[in-house]
Amino acid sequence: MEINSTELKRCDLIEVSGRVDSATADELMAAINAIQDDGRYKIVLDLGGLDFMASKGWWTLIQAQKASKRYNRGEVLLANVPKMIKENLDLVGISKLFRLFDDPVEAVGSF
Amino acid sequence: MQRSFTGDFEILASIGRFVAESVKEASLSESDVYALQLAVDEAATNIIEYAYRDEGQGRIDLTVEPAAHKVVITLHDTGQPFDPNDVAAYVSDVPIEEMQERGAGLHLIHAIMDEVDFKFDKRKGNTLQMVKVIA
């Protein structure tokens with residue numbers, strides 16, 4: 001798994017690629033926590049480079065969304081979600097918890 | 001094809017590759033292969049977390065058998081008895097604050113696979129057999 005974080009004017013953009021499973025989900029959580037602990041809660045996750053995401057990864061996204069939405073201080077948006085990962089997010093009813101964008105630029109612009 | 005893996009989270013990527021390799025000759029869609037990899041990943045994660053209670057406590061024996069119109073997958077471990085009835089049902093139609101992680105993997109396994117059968121034997125340990133029917 002690779003994570004690239006960029007602080008933008010309106011929000012933070014995190015690009016995640018490779019594989020998120022029980023071996024790597026903690027690293028993703030730490031990257032998101034670092035931004036939220038700094039008081040920035042508007043986050044776009046660009047998942048376009050993801051090959052695989054297990055339920056541990058989705059749970060990481062849910063925890064991030066819970067923290068961002070608390071006190072209406074922000075939101076986690078998902079962009080570029082690969083088709084097969086989206087299908088499985090739907091199976092566990094998680095995709096409805098996020099606004100999904102085809103293009104990360106559009107997601108950033110929505111803040 | 002059969003292979004034995006150590007019960008560590010680091011081997012999950014290797015397990016995924018083994019599943020894909022095992023069904024290479026079967027004419028499965030990319031989506032079916034991904035679903036099988038996901039179901040096996042969730043099952044192996046549950047074995048490490050709930051049967052062995054931690055990493056490095058035992059092995060996971062995985063068999064993937066493609067057949068006509070179906071794939072039969074068996075995972076075996078020698079950890080604590082795993083009873084799926086002890087796992088709280090996964091609920092997704094609640095506010096996000098009330099969502100719980102526990103049970104998501106099992107819910108997913110049932111959503112992906114057509115048959116899911118857990119067995120525990122005092123001498124042999126846990127055996128999970130899952131069947132995916134291929135249209």
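**View 1. Where chain A meets chain B.** In this predicted model, 20 residues from chain A and 23 residues from chain B form the contact; two residues are in contact if their C-beta atoms, placed from the backbone, lie within 7 Å. On the chain A side, the elements giving two or more residues are helix 2 (55-69) and helix 3 (83-91). Helix 2 of chain A gives the most, with 6 residues. Helices (H or I, at least four residues) and strands (E, at least two) are DSSP runs, numbered from the N terminus. Residues are numbered from 1 along each chain as its sequence is written, and chains are lettered from A and ligands numbered from 1 in the order in which they are written. As this is a predicted model, local features need pLDDT of at least 70 and side-chain atom pairs count only at pLDDT 80 or more, while totals for chains, interfaces and linings use all residues.

**View 2. Strand 4 of chain A and its neighbours.** Strand 4 pairs in the parallel sense with strand 3 (residues 42-53) of chain A over 5 bridges, and with strand 5 (residues 99-101) of chain A over 3 bridges; pairing needs at least two DSSP bridges between the strands. Lys42(A) sits opposite Glu75(A), while Ala79(A) has Phe101(A) as its bridge partner.

**View 3. Helix 3 of chain A, face by face.** Here Met84(A), Ile85(A), Asn88(A) and Leu89(A) are buried. After helix 3 of chain A comes Gly93(A), with a positive phi near 65°.

**View 4. The largest nonpolar core.** This core has 68 residues; such a core is a set of buried Ala, Val, Leu, Ile, Met, Phe, Trp, Tyr and Cys residues joined through C-beta atoms within 7 Å. Helix 2 (residues 30-51) of chain B brings the largest share, 12 residues. Ala44(B), among those with the most contacts inside the core, touches Leu12(B), Ile15(B), Ile60(B) and Leu75(B), not counting residues up to four places away in sequence.

Key:
Buried ≥ 20, exposed ≤ 12 C-beta atoms within 10 Å, placed from the backbone.
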